Amino acid sequence: MPCARLTARQAIAAVSETYTELTVPEGSGAPAAAPFAPDGPLGWRGYDDMRARAHARTGEHESVVTALATMGGTETVVLSFEFRYLGGSLGERTGDRLEAAYHLARERGLPVVSLIATGGSRMQEGMRALTQLQRVAAQSALTRAAGLPQIAVLRDPTTGGGWATLGAAADVILALPGAQVGFAGSRVRPADADPYAYSAEGQLASGHIDAVVPPDRLRATLQHWLQLLCGSGELGGGTMEPAPLPYALGVPGLPETGWGAVARAREPRRPRAEAYLRAYFDDREELSGDRCGGVDPGMRCGFGRRDGRTIAFAAQCGTATRPAGFRTAARLVRLADRLGIPVLTLIDTPGAANDAAAERAGAGAAIADTFAALATARVPVTSLLIGEGGSGGALALAAPDRLWATPDSYFSVIAPELAVAILKRDPAQLHDTADQLRIRPQDLLELGVIRGIAPPA
């Protein structure tokens, strides 16, 4: 069922305790708006009358309301669209307001929350309207560079340039159930287009948004995200404390043989990522998708609270990691690095997915990007091997020089079975080969691959 179309001010009131509308553009850093010529920059006959009727219907002078709002105690700059004003379309005056709000956010060091409901750029202003997307994109990029979080809420509809700038460019993207979401609006899509692809649910399944949130949970979800992402930045003059090492949750004691280590790591009842995340965090929120059309349920990424401190996490769940999983992890690490939040990675995979679909989706490039994200992170990354450590697919999530292992884990350049096949050995030599690879936790410690073995809880 499509989500209710709230007015711009109703949408702000629904997610905040208090708000004050911004004065635009005076004092905001944006240039003062020159008056329109009759019927706008194109002289579009009847445009002045359209705006007058929109004002009479909505009480608004433009399609966006900007405000300073308090959400869960966090001061926030809010951009809220009024769809009843010319379909929430973006024109020059919309651009003035958005630019002014972004300026204020950077001046005060505040996060930006966009409550979007728009049909795209305003035809009656032609290319002058379309170029507002460049203004908005530039402001979003400057805000990102300033290390300030941006959260988007996709209302119904979110299409065109509003989706391609304010929506898709946000750090965290939430959507209301049933909302239309897509670059193409409903009147310009191919006649045979699958409507699911243009829905919030379809965009979630394709990895383009993080969550579909029911209206009655939106306020609490937004507040939680703001608490996690704001006020935690620790980059600056001091040294940031890394994420604490989790305790080992599995069986104690070290394996006697290499194959024994493999068997323990492959034990179905062994604690997996969910058990570690539940034990480690007081509360958490998760990101979803790689923003390139893919979702890997075997990679859990997000931000959690531990002892009042925010820590980002990327956790493999014991399955072969797909390209979308690696890209999602790289996205998480880069976002945490920009916001100054330490990272915890949990490693547990037999290796990178190696089927034809994974190759077509760019497995090598995705792994390379994850290596690069961890190698260039300024925030400390703590990594714990909690199960299988299969080759480069596992190493991609391992922090250089900050890797530990649990007693029920192993790490290998290649799976012992594959080593036997490549070396053309008799299958009976599998156990000897596993020993030769020196893959037990104690072997990894002696070889200098890990810094230590995680103690039990």
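**Close-up views of a predicted model**

**Figure 1. Overall dimensions of the predicted model.** For the 457 residues of this protein, a compact globule would have a radius of gyration near 23 Å, and the value of 25 Å computed for the protein agrees with that expectation. The structure is a predicted model, and its C-alpha atoms fill a box of roughly 85 × 50 × 35 Å along the principal axes. The protein contains 17 helices and 16 strands, and 53% of its 457 residues count as buried. Among the contacts with a separation of 6 or more, 73% are accounted for by residues 24 or more positions apart.

**Figure 2. Helix H13 and its buried side.** The buried residues of H13 are Ala363, Ala366, Ile367, Thr370, Ala373 and Leu374. An α-helix has 3.6 residues a turn, so residues three or four places apart point the same way. On the other side of H13, Ala365, Ala375 and Thr376 are exposed. The elements that cover the buried residues of H13 include helix H11 (323-339), helix H12 (356-360), strand E13 (381-390) and helix H14 (391-395).

**Figure 3. The largest nonpolar core and the surroundings of leucine 222.** The largest nonpolar core holds 60 residues, of which Ile151, Leu222, Phe303 and Leu332 touch the most other members. Helix H11 supplies the largest share of this core, namely eight residues. When neighbours within four places in sequence are left aside, leucine 222 is in contact with Val15, Met71, Val113, Ile151, Val153 and Leu174. Apart from this core lies another, of 29 residues, with Leu22, Val64, Ala170 and Ile173 among them.

Figure 4. Because glutamate 21 lies in strand E1 (residues 18-21) and arginine 9 in helix H1 (residues 8-15), the pair ties together parts that are 12 residues apart in sequence. Glutamate 21 is partly exposed, with a relative accessible area of 36%, and arginine 9 is likewise partly exposed, with a relative accessible area of 27%.

Figure 5. Arginine 135 forms a salt bridge with glutamate 99, and their closest N and O atoms are 2.8 Å apart. Since arginine 135 belongs to helix H5 (residues 132-145) and glutamate 99 to helix H3 (residues 92-108), this pair ties together parts that are 36 residues apart in sequence. Glutamate 99 counts as buried, at 13% relative accessibility.

Figure 6. The side chains of aspartate 348 and arginine 270 meet in a salt bridge with an N to O distance of 3.1 Å. Aspartate 348 lies in strand E12 (residues 343-349), whereas arginine 270 lies in the loop between helix H9 (258-265) and helix H10 (273-280), so the pair ties together parts that are 78 residues apart in sequence. Aspartate 348 is buried, with a relative accessible area of 0%, and arginine 270 also counts as buried, at 5% relative accessibility. A network of salt bridges links Glu274, Arg278, Arg284, Glu286 and Arg300.

Figure 7. The peptide bond from aspartate 156 to proline 157 is cis, with omega near -5°, and proline 157 has its place in strand E5 (residues 150-159). Aspartate 39, although not a glycine, has a positive phi of about 60°; aspartate 39 is found in the loop between E1 and helix H2 (47-58), and at 19% relative accessibility it counts as buried, the cut-off for that class being under 20%. Aspartate 401, which is not a glycine either, has a positive phi of about 70° and is found in the loop between H14 and strand E14 (403-405). Aspartate 401 is exposed, with a relative accessible area of 67%.

Terms used:
Residues are numbered from 1 along each chain as its sequence is written. This is a predicted model: local features need pLDDT of at least 70, side-chain atom pairs count only at pLDDT 80 or more; totals for chains, interfaces and linings use all residues. Side-chain values use heavy atoms; hydrogens and water are left out. Buried means under 20% relative accessible area, exposed over 50%, partly exposed in between (1.4 Å probe, protein chains only). Helices (H or I, at least four residues) and strands (E, at least two) are DSSP runs, numbered from the N terminus. Contact means heavy atoms within 4.5 Å. A nonpolar core is a set of buried Ala, Val, Leu, Ile, Met, Phe, Trp, Tyr and Cys residues joined through side-chain atoms within 4.5 Å. A salt bridge is a side-chain nitrogen of Lys or Arg within 4 Å of a carboxyl oxygen of Asp or Glu. The radius of gyration is taken over C-alpha atoms; the globule rule is 2.2 Å times the number of residues to the power 0.38.
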